[in-house]
Amino acid sequence: MTKIAITGANSSVGVNLLRTIVRDTPFDVIAGIRSEKASVTLPTSPRIEPRIISYDNAASLASSLADADVVVHLAGILIETKHSKYINSNIDATTVAVAAAKNIGAKHFVLVSVVGADAQSENAYFASKGLAEVAVKQGGVPANIIRTPILLGGNTAGAQALVNAAKKTKANVLGGGNYTVRPLDVDDLSTAILHCFENMDGHSKQRPQVAVHELAGPESITYRRLIELVARMMGNEVAIRSVPIWLAKLAARLKGLLRSGGVTPTVIDVITADEIIAVNADIDLRLTLTPLETTVRKILEQR
Ligand SMILES: NC(=O)c1ccc[n+]([C@@H]2O[C@H](COP(=O)([O-])OP(=O)(O)OC[C@H]3O[C@@H](n4cnc5c(N)ncnc54)[C@H](OP(=O)(O)O)[C@@H]3O)[C@@H](O)[C@H]2O)c1
């Protein structure tokens with residue numbers, strides 16, 4: 001029986017994936033978290049074993065994950081904090097996770113990355129995710145890298161921000177929300193991750209294959225229209241006011257003089273970047289994508 005190890009298991013994606021595994025598969029899971037307190041957010045099941053892990057070095061992470069067959073690496077951040085920077089959270093943690101997966105002889109590795117990831121990007125976040133992808137490509141373990149846009153559903157930050165804006169009478173939105181998003185239902189991402197483990201026994205031993213997928217939702221929509229859609233489905237009418245992006249970045253830069261992390265100009269550039277993909281991976285990953293309105297309905301029902 002396949003045993004799945006999830007790093008960053010307490011992340012919004014991790015919690016959703018754990019629920020999906022328990023509901024839809026017979027697999028056992030190691031839920032890798034960094035602290036005891038993170039365990040309270042995990043679903044409980046006899047098939048979920050929370051384990052405290054650290055990303056200090058590959059050998060210690062490998063000993064924590066030793067009996068896993070496959071590793072799903074979810075640890076990662078968009079908003080930096082005092083201790084979680086892009087370099088340690090996105091790049092180093094991924095390098096250590098894939099080295100640990102190789103060390104334990106894992107059959108497969110999955111990395112959740114982001115649409116726009118590019119090691120050469122001038123944006124520090126997109127660059128860190130691109131470098132994380134490079135670490136996986138060079139890690140010597142067969143892998144799938146799934147680049148995702150904004151994720152909606154469960155407890156995702158995207159869903160929370162959206163509902164918070166949509167329930168107001170007047171919402172202040174970066175650039176008036178005039179940028180394109182392609183929201184992906186987090187349930188679809190969980191299904192896609194599980195589909196990556198099919199046929200893994202057929203991997204070539206000589207040349208580990210690493211596939212990169214861009215997986216987005218079925219509909220492109222401006223963030224402005226998305227807020228209006230959610231508001232309408234809540235029975236609310238929201239007036240959207242535009243916060244100029246240059247002004248938001250200036251304010252973020254000034255705040256950055258007083259504290260480290262938080263919403264920086266880098267984060268603002270990520271949030272307001274158009275989410276555009278060349279080819280959607282729904283067919284490759286054998287998914288039927290959830291319609292956007294269904295995803296929104298689920299979010300509103302879960303509130
Ligand atoms: N949410 C989205 O819309 C979206 C879009 C594209 C890609 N992604 C990617 O999908 C993955 C999951 O996203 P999410 O939004 O579900 O995450 P999340 O809820 O914000 O959780 C972040 C996870 O990263 C861990 N983490 C933070 N700093 C770390 C560090 N220095 N070293 C190791 N782990 C650290 C956290 O552990 P602690 O709780 O212990 O701090 C937590 O498990 C991430 O890699 C994210 O970049 C998300």
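In this predicted model, the ligand sits among 26 surrounding residues, and the closest of them are Gly8, Ser11, Ala75, Gly76 and Ser84. By residue class, the shell splits into 13 nonpolar and 12 polar residues, plus one charged residue. Of the contributions to the shell, the largest share is that of H3, with three residues.

Next comes a pair of packed helices. Two such helices are described by the angle between their axes and the distance between the axes. For helix H7 (residues 223-233) and helix H10 (residues 292-302), the axes come within 10 Å and the crossing angle is roughly 55 degrees. Angles of 65 to 115 degrees count as roughly perpendicular and those under 35 degrees as roughly parallel, so H7 and H10 are oblique to each other. The crossing of H7 past H10 is right-handed. On the H7 side, the contact is made by Leu229, Val230 and Met233, while H10 brings in Val296, Arg297 and Leu300. Five of these contact residues are nonpolar and one is charged, with no polar residue in the set.

As for the chain overall, there are 10 helices and 13 strands. Its radius of gyration is 19 Å, close to the 19 Å that the globule rule gives for 303 residues, so the chain is as compact as a globular protein of that length. Taken along the principal axes, the C-alpha atoms fill a box of roughly 55 × 40 × 40 Å.

Notes
Residues numbered from 1 in each chain as written. Predicted model: local features only at pLDDT ≥ 70, side-chain atom pairs only at ≥ 80, totals over all residues. Near = placed C-beta within 6 Å. Helix = DSSP H or I, 4+ residues; strand = E, 2+ residues; numbered from the N terminus. Nonpolar A, V, L, I, M, F, W, Y, C, P; charged D, E, K, R; others polar. Axes fitted to C-alpha atoms, helices over the stretch in contact; angles between N-to-C directions. Parallel < 35°, antiparallel > 145°, perpendicular 65-115°, else oblique. Left-handed = near helix turned anticlockwise from the far one by under 90°. Contact = placed C-beta atoms within 7 Å. Rg over C-alpha atoms; globule rule 2.2 N^0.38 Å.
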